[in-house]
Amino acid sequence: MSNAATFDTRTDTAIPVESPLAYSYRHSGAPRAGSSSRLQLRERAMLGHLILRGGAIVLDEAVRDVLGISLPGQPQALVQDASGERSIQWLSPDEWLVIVPGGEEFPLETQLRERLGDAHFAISDVSGGQTLLELSGEAARELLMKTVVYDVHPSNFPVGKGVTTVFAKATTILRRPSEERWELVVRRSFADYCYRWLLDAAAEYDVNVQP
Amino acid sequence: MFYIYCPYCGEHREEEEFHPKGQAHIERPKEPEACSDEEWGDYLFFRDNPRGVHHEMWVHAVGCRKFFNVTRHTVSYEILETYKMGEQPSITADSQGPSREAAAVSQKEGVRA
């Protein structure tokens, strides 16, 4: 066990918490559309986000033991467990993003630290700093084509890929966990901006927001 | 608009994701205390400004956030190759010779590249 000081950043359940988009829902609203909607936007707030840094081989062994998923070694790769609830994404040759259901991140961090021992690594809990937006529907790719500089054509962006790129001038992680779903991991401080940009860009598709 | 190959991401990305960071392969003197003022000044302030093949350092700022090297032609702006930190370029001014674009420009302006 490394001697890094760690603590659970998740607050007591008695304290009310709000998603990073709570302000946006109040100010910009959350449009509801009927069956004509071609795009669904859903925020998956309060998930556990961890950044792992270190050597791929050492981290891979630990992550396999603790999480049961192997660390993606290929650039731009995204792997998920069978349920799709937990995922690991390649961010850089020595950096990975782990997303787990809310509340699991601190036990996971502790287990990984125990498993890794004195190895050379870093784990940062970034759950409070970013949020995940999920786009689905037939117009999702069309919307992304208007906003990201990266080529999102299926031939260049197959399922199981994730890239860090520019979304409407903001740094965003864009990932494709399944055929019909796209995920955006945005900074908490950019969440309102990205949300309003999405509402504006998706107005023509009759966007349906599920807060 | 450049379409730059990031050697760490293993694919081409938009220029918007990158930042140029100046001349590549600048080595910090092993013993700064033993440097003359001139040597230290050269290291700190003076950079090459060649007409032709130039080795530069770029960073994939939005992306993997790794530094890497780019060999770029300063006349045609053509990126000849990109390679990881610590590696040596396979294309240099000597290996390249004056390219067609450079020759055309120098002819037009009446100067030698």
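This is a predicted model: local features need pLDDT of at least 70, side-chain atom pairs count only at pLDDT 80 or more; totals for chains, interfaces and linings use all residues.
- Helix α4(A) covers residues 140-147, and its buried residues are Ala140(A), Leu143(A), Leu144(A) and Thr147(A). When one looks down the axis of α4(A), these buried residues fall within an arc of 100°, so they line one face of the helix.
- On the other side of α4(A), Met145(A) and Lys146(A) are exposed.

- Leu174(A) belongs to strand β9 of chain A, which covers residues 170-176. Is Leu174(A) buried or exposed, given its C-beta neighbours inside 10 Å? There are 23 such neighbours, and because a residue needs 20 or more to be called buried, Leu174(A) counts as buried.
- Apart from neighbours within four places in sequence, the contacts of Leu174(A) are Val148(A), Tyr150(A), Gly162(A), Val163(A), Thr165(A), Phe167(A), Trp182(A) and Leu184(A).
- The C-alpha atoms of Leu174(A) and Glu134(A) are separated by 10.0 Å, although these residues are 40 residues apart along the chain.

**The five-stranded sheet of chain A**

- Chain A has an open sheet of five strands in the order β3-β4-β5-β2-β6, with antiparallel pairing. At its edges stand β3 (78-80) and β6 (121-125), each of which pairs on one side only, and neighbouring strands are turned by 20° against each other on average, direction ignored.
- As background, the strands of a sheet pair through backbone hydrogen bonds, and the pairing is either parallel or antiparallel.
- Three bridges join β3(A) and β4(A) in the antiparallel sense, and Val79(A) has Ile88(A) in β4(A) as its bridge partner. These two strands form a hairpin with six residues between them, and Gly84(A) in the turn has a positive phi of about 80°.
- Strand β4(A) is mostly covered, since five of its six residues are buried. Its antiparallel pairing with β5(A) runs over five bridges, with Glu95(A) in β5(A) as the bridge partner of Ser92(A), and the hairpin formed by β4(A) and β5(A) has two residues between the strands.
- Strand β2 (residues 48-54) pairs with β5 (residues 95-100) of chain A over six bridges, again in the antiparallel sense; here Leu50(A) has Val98(A) in β5(A) as its bridge partner.
- Helix α3 (residues 105-116) of chain A packs on the sheet, where it touches β2, β5 and β6, and its direction makes about 170° with that of β6(A).
- Helix α2 (residues 56-67) of chain A lies across β2, β4 (87-92) and β6, and it runs at about 145° to β2(A).

**Chain B and its sheet**

- Chain B has three helices and six strands, which follow one another from the N terminus as β-β-β-α-β-β-β-α-α.
- Of its 113 residues, 19% count as buried. Among the contacts in chain B between residues at least 6 apart in sequence, 52% join residues at least 24 apart.
- Four strands of chain B form an open sheet in the order β3-β4-β5-β6, with antiparallel pairing. Strands β3 (19-23) and β6 (79-84) stand at the edges with a single partner strand each, so one side of each is left without a neighbour in the sheet.
- Strand β5 (residues 67-73) of chain B is joined to β6(B) by five bridges in an antiparallel arrangement, and Arg72(B) stands opposite Ile79(B) in β6(B).

**Where the chains meet**

- How many residues of chain B are in contact with chain A? Eleven residues of chain B are in contact with ten residues of chain A, and the residues on the chain B side divide into four nonpolar, two polar and five charged.

Terms used
Residues are numbered from 1 along each chain as its sequence is written. Chains are lettered from A and ligands numbered from 1 in the order in which they are written. Two strands pair if DSSP finds at least two bridges between them. Axes are lines fitted to C-alpha atoms, for helices over the stretch in contact, and angles run from 0 to 180 degrees between N-to-C directions. Two residues are in contact if their C-beta atoms, placed from the backbone, lie within 7 Å. A residue is buried if 20 or more other C-beta atoms lie within 10 Å of its own, exposed if 12 or fewer, and partly exposed in between; C-beta atoms are placed from the backbone. Ala, Val, Leu, Ile, Met, Phe, Trp, Tyr, Cys and Pro count as nonpolar, Asp, Glu, Lys and Arg as charged, and the others, Gly among them, as polar. The arc is that of the directions from the helix axis to the C-beta atoms.
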